[in-house]
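Please open the structure in your viewer and keep the selection panel at hand. The stops below say what to select next and what is there.

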Amino acid sequence: MHRICYKNGVVAYAFDRFDSFSLRAYVSTRHGGVSPEPWSSLNFSHSRGDEHERVLENFARFCAALGRDPAHPVRTHQVHSTRVARVGWTEAGARQESRDALITDAVELPLFLVFADCVPIILYDPVGHVLGACHAGWRGTIDGVAAATLDAMTEAFGTNAAEVRVGIGPSIGPESYEVGEEVVSKATSTLSDGHKYFCWHNGDQSNPCFDLWQANIDQLTAAGVPGEQIELSGIDTARSTHEFFSHRAEKGQCGLFGLLTWLEPQE
């Protein structure tokens, strides 16, 4: 990914892999907004104590930096599920309830999801010109939200997994995401060879760390996406709180950053 600074103070990251395609995908940082501590400053959460008007202004600033109308993005009410919504221009500006993934073939329709450690994943089919975006926390990762998004793209648009390009954005890294027995038990009983996604650091044998990145990569490659077509940002939000919000590192006292992505017209 590469870092972009905009004239209005907003800072975002873009996926290198998508530069050569008719697709735009940006992950916001915490810079360029109007919110005070502990949401400083480009916070998109309405449910963590920040004022509604400030959140709206933050979103307007982010959209302005990217040249998008803030009335257009399709949003989600994220619940750590594998449910996918297919959307078009009739859903512009609407929130999809209890969904953690969106898919579309509607050109220039922005999709928007929020994060603060969970994994932002973009799936792009350059042949069908189809876009998918999903939110993968530990539950979504274990239950296979990335693969479910790919399946929905295949069912709705005939997407071939072998053609798909993937971007995995900033999220909590494998050395930072310490988890308890509930997560270990669910992962090892659900994922093939699930034990390999856990490791211990600094000699602590109590709670292992969970590698969300590799778990999602493996599910996508198992579904047919070539590994060389997956871009992993490698940015650990828990170790990058100067740039991104991290629910874990900031003990819940933080805002949410966002992913905004859309299809450009093809030449």
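**First stop: the antiparallel sheet**

Begin by selecting strand β3 (residues 23-28) and strand β15 (residues 257-263), which run antiparallel and are joined by five bridges. Tyr 26 has Leu 260 of β15 as its bridge partner. Helices and strands here are DSSP runs, numbered from the N terminus, with at least four residues of type H or I for a helix and at least two of type E for a strand; two strands pair if DSSP finds at least two bridges between them.

This is a predicted model, in which local features need pLDDT of at least 70 and side-chain atom pairs count only at pLDDT 80 or more, whereas totals for chains, interfaces and linings use all residues. Residues are numbered from 1 along each chain as its sequence is written, and side-chain values use heavy atoms, with hydrogens and water left out.

Now widen the selection to the open sheet of five strands, whose order is β1-β2-β3-β15-β8 and whose pairing is antiparallel. At its edges are β1 (2-5) and β8 (111-115), each of which pairs on one side only. From one strand to the next, the twist averages 25°.

**Second stop: the loop between β3 and α1**

Select Pro 38, which is found in the loop between β3 and α1, and inspect the peptide bond that joins Glu 37 to Pro 38, which is cis with omega about 0°. The peptide bond from Ser 40 to Ser 41 is also cis, with omega near -5°. Ser 41 lies in the loop between β3 and α1.

Is Ser 41 buried or exposed? Ser 41 is buried because its relative accessible area is 12%, where buried means under 20%, exposed over 50% and partly exposed in between, for a 1.4 Å probe and protein chains only. Leaving aside neighbours within four places in sequence, the residues in contact with Ser 41 include Arg 30, His 31, Asn 58 and Phe 245; contact means heavy atoms within 4.5 Å.

Select next the six strands that form an open sheet in the order β5-β7-β10-β9-β11-β14, with mixed pairing. The edge strands are β5 and β14 (230-232), each pairing on one side only. Neighbouring strands of this sheet are turned by 15° against each other on average, direction ignored. Within the sheet, β9 pairs with strand β11 (residues 165-168) in the antiparallel sense over four bridges, and Tyr 124 stands opposite Arg 165 in β11.

Colour α3 (residues 145-157) by burial: the buried residues include Val 145, Leu 150, Met 153 and Phe 157. The partners against which the buried residues of α3 pack include α2 (138-143) and α5 (212-222). After α3 comes Gly 158, whose phi is positive, near 75°.

Centre on His 80 in the loop between β4 and β5, a residue other than glycine whose phi is positive, near 60°. His 80 is partly exposed, with a relative accessible area of 32%. Then move to Asp 193, in the loop between α4 (181-190) and β12 (198-199), where phi is positive at about 55° although Asp 193 is not a glycine.

**Last stop: the largest pocket**

Finally, select Arg 48, Gln 78, Val 114, His 135 and Leu 256, which are the closest to the centre of the largest pocket among the 31 residues that line it. A pocket is an open set of points on a 1 Å grid over the protein atoms alone, with protein on both sides within 12 Å along at least five of seven lines, and lining residues have an atom within 4 Å of a point. The largest share of the lining of the largest pocket, four residues, comes from β8.

Terms used: Axes fitted to C-alpha atoms, helices over the stretch in contact; angles between N-to-C directions. 1 Å grid on protein atoms, 1.4 Å probe; cavity = no way out; pocket = protein on both sides within 12 Å on 5 of 7 lines; lining within 4 Å.
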